[in-house]
Amino acid sequence: MRLTVIGTGYLGATHAACMAELGHEVVGVDVDAGKVAALAAGRVPFHEPGLAGMVARHTASGRLRFTTSYEEAGAFGQVHFVCVGTPQRRDSDAADLTYVEEAFAGIARQTRKGALLVGKSTVPVGTAARLADTHDVEIAWNPEFLREGYAVEDTLRPDRLVFGVRTGRAERLLRQVYGTVLAGGTPLVVTDFATAELVKTAANSFLATKISFINAMAELCEAAGGDVRELSEALGHDDRIGRSFLRAGVGFGGGCLPKDIRAFAYRAAELGVDLGFLRAVDAINMRRRDRVIELARQLCGDGLLGARVAVLGAAFKPDSDDVRDSPALNVAARLGLAGADVTVYDPEAMDNARKEYPLLGYAMSVEEALRGADLVLHLTEWPQFRELDPGRAASLVHRPLIVDGRGVLDADRWTAAGWRFRALGSPAPVGPVGEDGRG
Ligand code: UGA
């Protein structure tokens, strides 16, 4: 089939490349001429494992093209996917729908007769119906559940597909688009617009709630002398609870979960439904960042002013260079404001971090970040941080003090190598060494 994908960010670029991989002819559309030029030349302007090779292959074969022209896209496509962003508005918790509205208006003006416009962006419930009433074109809603870092895999082999449709024809066209995926056994839910929109925000809200639940348990473990890692493991053995998204730490960030739960609660309130528990989810999440700073203060007994702090991690999660609402950078910046001399290292997100926080210090390697540090904060769980040799790391720093903000480092190994080790949700180690790490 001939498809277009409007918006070529993480979601759109991945969707476009994966649709080409599934055998479709695809045109990607973006208003950003620089992004279009890079993608057209087979280059992906962000880090997403497996995507660069796929884009290069399909642009070279001509099956995947990119343009800034809605006119060209409209003349080409039978089905148009809208994959633009819906950031949080500056003046409230609501989603900013400017880009969605512009994309639908732009393509609706140019479409061929019988074309289908499919929304994939995360939107407040009611948006699809409003767009369908505004534009004289057929519309469907097909929410996206891909995770950054696994975007290609999640698109080619999703755990479910959801089609929000008003006609059998729209459903048939979408079944044709995803024929290969459906033939592979992916479950499909065909539903109305409102439910399709709600599935996405409900899913992200549930995931955020799970993370904040375990982080609240981490607070309780700290107060009661329990260990949240063991608690989480024991909870996860119950199939009804499950193991995933029960990793306690510095909390969730990124371009989706934080803004989606806020927009969801905001939209629910507009509809007269109180989702106040999501405010608690949000508050628990933000408190975890405060707790890392509190532990940093405790460990640097003589204050943060002038303390050299190495922050390991800048991306909001590993396998990504995305720093939007990154807990790691939020903590780093706040320590900087408190007078600490902060040096950040991340394997992929350095350029984006520098753009967001130009005043922080940056190191070219983990060794360089550690050298001379009074305190180490582990805030994004990249594999190379997990694999660090605690003995070698101890030989580089000034004082062997570390906070594991992601709950994945082996406390025994680090302690055995002479480190004073603190993790969120674990009791403070007993022993002769005081909170300031100097005994
Ligand atoms: C999230 C959802 O997982 C996707 O299903 C959804 O499609 C996407 O948002 C979206 O709306 O586009 P993503 O933002 O890529 O995907 O990241 P996640 O893997 O969900 O992680 C979110 C945050 O939660 C990260 O900061 C991660 O470090 C944190 N997290 C995750 C925890 O703190 N603990 C956990 O146990 C799991």
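The legends below describe several close-up views of one predicted model.

In this predicted model, local features need pLDDT of at least 70 and side-chain atom pairs count only at pLDDT 80 or more, whereas totals for chains, interfaces and linings use all residues. Residues are numbered from 1 along each chain as its sequence is written, and side-chain values use heavy atoms, with hydrogens and water left out.

**View 1. Thr-186 in the loop between α9 and β8.** Thr-186 is found in the loop that runs between α9 (179-183) and β8 (188-191), where helices (H or I, at least four residues) and strands (E, at least two) are DSSP runs numbered from the N terminus. With a relative accessibility of 13%, Thr-186 counts as buried; buried means under 20% relative accessible area, exposed over 50%, and partly exposed in between, for a 1.4 Å probe and protein chains only. Leaving aside neighbours within four places in sequence, Thr-186 is in contact with Pro-158, Asp-159, Arg-160, Leu-161 and Val-181, contact meaning heavy atoms within 4.5 Å. A polar atom of the Thr-186 side chain lies 3.4 Å from the backbone oxygen of Val-181.

**View 2. The two nonpolar cores.** The largest nonpolar core has 54 residues, and those with the most contacts inside it are Leu-335, Val-344, Leu-370, Leu-375, Val-376 and Leu-377. A second, separate core of 41 residues includes Val-26, Val-44, Val-181 and Leu-182. Such a core is a set of buried Ala, Val, Leu, Ile, Met, Phe, Trp, Tyr and Cys residues joined through side-chain atoms within 4.5 Å. Not counting residues up to four places away in sequence, Leu-335 touches Ile-293, Ala-296, Leu-304, Val-309, Ala-340, Val-342 and Leu-377.

**View 3. Val-82 in strand β4.** Val-82 lies in strand β4 and is buried, with a relative accessible area of 1%. When residues up to four places away in sequence are not counted, Val-82 touches Ile-6, Ala-103, Phe-104, Val-118, Gly-119, Lys-120 and Ser-121. Val-82 and Asn-142 are 60 residues apart in sequence, and their C-alpha atoms are 9.7 Å apart in space.

**View 4. Asp-96 in the loop between β4 and α5.** The loop between β4 (79-82) and α5 (98-108) holds Asp-96, whose side chain makes a polar contact with the side chain of Thr-98 at 2.4 Å. A polar contact is a pair of N or O atoms within 3.5 Å; within protein, one must be able to donate a hydrogen and the other to accept it, and residues adjacent in sequence count only if both atoms are side-chain atoms. Leaving aside neighbours within four places in sequence, Asp-96 is in contact with Gly-85, Thr-86, Pro-87, Gln-88 and Arg-89.

**View 5. Thr-380 in the loop between β12 and α17.** Thr-380, found in the loop between β12 (375-378) and α17 (383-386), is buried, with a relative accessible area of 0%. The side chain of Thr-380 reaches the backbone oxygen of Ala-315 at 2.9 Å. Among the residues that Thr-380 touches, not counting those up to four places away in sequence, are Leu-312, Lys-317, Phe-385 and Arg-406.

**View 6. The largest cavity.** The structure holds two cavities of 30 Å³ or more, and about 80 Å³ of space lies in the largest cavity. On a 1 Å grid over the protein atoms alone, a cavity is a set of points where a 1.4 Å probe fits but cannot get out, and lining residues have an atom within 4 Å of a point; a volume is the space filled by probe spheres set on the points, which are joined across faces, edges and corners. The largest cavity is lined by 14 residues, of which Val-123, Pro-124, Thr-201, Ala-263 and Phe-264 lie nearest its centre. Both α10 (193-224) and α12 (257-270) give two or more residues to this lining, and the largest share, five residues, comes from α12.

View 7. Most residues other than glycine have a negative phi. Phi of Phe-245, by contrast, is a positive value near 60°, and Phe-245 is found in the loop between α11 and α12, where Phe-245 is partly exposed, with a relative accessible area of 37%. Asp-319 has a positive phi near 65° and lies in the loop between β9 (308-312) and α14 (327-337); Asp-319 is partly exposed, with a relative accessible area of 30%.

Technical notes:
On a 1 Å grid over the protein atoms alone, a cavity is a set of points where a 1.4 Å probe fits but cannot get out, and a pocket is an open set with protein on both sides within 12 Å along at least five of seven lines; lining residues have an atom within 4 Å of a point.
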